[in-house]
Structure formats: structure tokens, C-alpha cells
Amino acid sequence: TPPEKENPLIPKIRTNGNIKFDNVTFFYDGTEKPALKGITLDIHAGSTVALVGTSGGGKSTIINLITRFYDPTEGKVILDGIDLREYQLHWLRKNISLVLQEGFLFWGTIRENIRYGRLDASDSEVEKAAELAYAKDFIDTLPHGLDTPLGERGISLSGGQKQRIAIARAILKNAPILILDEATSALDNESEVKIQKAMEQLSADRTTIVIAHRLTTIRKADKIVVMKEGTIAEFGNHNELMEKQGEYYRLHNAHELGI
């Protein structure tokens, strides 16, 4: 994580979630080739933007810069009109929910894992979040329900169950910006359908950035950004990009999205 400035900005209100990349270039330490090169991108508050492209295109780097795990080498990432570097890190991350491909769980009960999204949440709020994440059905079959203890990284749960708990945590946090890496290659069809529904619940009325792997998500996105070798190859909605018959069309027909 980059250092914080001496008197960082701590807004009293939540962010609107308006994100802009202004001519951003980024190199990881010790590399000669930029991970991102001259990226200019507007992500409007409340919209859903899908990032697609083959591995190494720069999708994860976009996420790393929004969450400020890194700062741009050149250019700016701007939130609500202000450079991200101006904000207090704690405030920024409080306004972002992350659901990664590998749902992170820790020692403790399922209830504690969900409540980690917002530590002052009531039991009924935790239960509601589990329900909205389509996790209640499997939690109810466990010996102690929400109070069932988990081993390290939730080893007693399947991939789909872990992901639904991570989604419940994000629902409870209720941050205005949501970042999803929604790969479900390891899931069976039933889990995939439930996770798709849970993600739709989660992304309503907030700025959502998805590293997208499934056509259902991509078709519903307001904007699809096709990344290739650290640049934006093209962007638009599904129909516009299919009509262009360019990079997205090729990826789509080769089933290479998000690989």
C-alpha cells in the first residue's frame, strides 16, 4: 500500500462512486513493460462496468489502482472529482466492497465472517444479508447454523458456499463501490445460478466494476471495457461491440472472455 499524505481528506459523506482514470500508466516494480498504458476511462456513479480480456491485459491492475494498493506511475485515478491520493485510505476502503474469486474466510463462525463487513451490525442484519446472498439454505443445514465454526479459510465449505458468505459480507457492508471478480469455473450449475442472483442483489444502485467471466453478467453491463496488453482495445455495450466485429467479437466467439 502506498504511503498516505500528511493531512488526508476525510469526507463526512459516502462517495458517489464516480471514478475516472485520467491518462494512467502503471509499471509494477522491476518491470520494463507497463501493466497499463495511457488509460482514460469514465465509470459513472451507479453504473456497472465489465472488464474483459485475456490474462495479462490489465484487468486486475485497474482494480489494484481503484483500491489504492498501488498508485499510478503517471496520470491520476479520480474519485468524485478528487485524486485518490488526497483521500484517507481508511475512508476510501470503507467505501469499497471487494468480492474476490477466492472468497476469503478466517477462523471463527459464519456469523463472525459475515459481520466482518460491518462490525456493529445486529444479528437480524447479519441474517438478512445471508438470505440476500442465497446462503441461508445451506447455513440452515449446518449443525449450528450461523454459529457453525469454520476451519482455516473455511475448509469445511465448498467454493460456492464460501463465495456466498463473501457476498453476504459485502451486502452487509453496503459500500457505494463494489468490485467483483466473479469467476465461477469451479462451481456447479446450481451454485452458479445462486451466485449470479446474489451478485445482482449486491450490484443494484451502486457503482460496480466486474472482472467478468460469464456472458450473463457482460450482457447486463452498462459498459464493457475490453483490455489488451495494458490498453483499452474497445468499449461499448454487448450489442455495440458484437456489431463492430472486433476484439470483443473475437473473444466472445472463441469463448476466451476473462481467461
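Predicted model: local features only at pLDDT ≥ 70, side-chain atom pairs only at ≥ 80, totals over all residues.
Biologist: How far apart are the end C-alpha atoms of H6, and what span should its residues give?

Modeller: Helix H6 is mostly covered, with 13 of its 15 residues buried. At 1.5 Å a residue, and counting one less than the number of residues, the 15 residues of H6 should span 21 Å, and the distance between the end C-alpha atoms agrees with this, at 21 Å.

Biologist: Which residue takes a positive phi just after H6?

Modeller: The phi in question is about 60°, and the residue that takes it, just after H6, is Asn 174.

Biologist: Which strands stand at the edges of the open sheet?

Modeller: The open sheet has four strands in the order S2-S1-S4-S5, with antiparallel pairing. Two bridges join strand S4 (residues 74–79) to S5, and Leu 79 stands opposite Ile 82 in S5. Each edge strand has a single partner strand, so one side of each is left without a neighbour in the sheet; these strands are S2 (36–43) and S5 (82–83).

Biologist: At what angle to S1 does helix H1 run?

Modeller: Helix H1, which covers residues 59–66, lies across strand S1 (19–26) as well as S2 and S4. Its direction relative to S1 is given by an angle of about 115°.

Biologist: Is the aromatic pair of Tyr 28 and Tyr 70 stacked or edge-to-face?

Modeller: Tyr 28 lies in the loop between S1 and S2 and Tyr 70 in the loop between H1 and S4, 42 residues apart, so that the pair links distant parts of the chain. Tyr 28 is partly exposed, with a relative accessible area of 25%, and Tyr 70 is also partly exposed, at 36%. The ring centres are 5.2 Å apart with 90° between the planes, and because planes over 60 degrees apart count as edge-to-face, the pair is edge-to-face.

Biologist: What is the angle between the planes of Tyr 87 and Trp 91?

Modeller: Tyr 87 and Trp 91 are both buried. Their rings form a stacked pair, 4.8 Å centre to centre, and the angle between the planes is 20°.

Conventions
Residues numbered from 1 in each chain as written. Heavy atoms only, no water. Pairing = 2+ DSSP bridges. Contact = heavy atoms within 4.5 Å. Axes fitted to C-alpha atoms, helices over the stretch in contact; angles between N-to-C directions. Buried < 20%, exposed > 50% of the residue type's maximum accessible area, 1.4 Å probe, protein only. Phe/Tyr/Trp six-rings, centres within 6.5 Å; stacked < 30°, edge-to-face > 60°.
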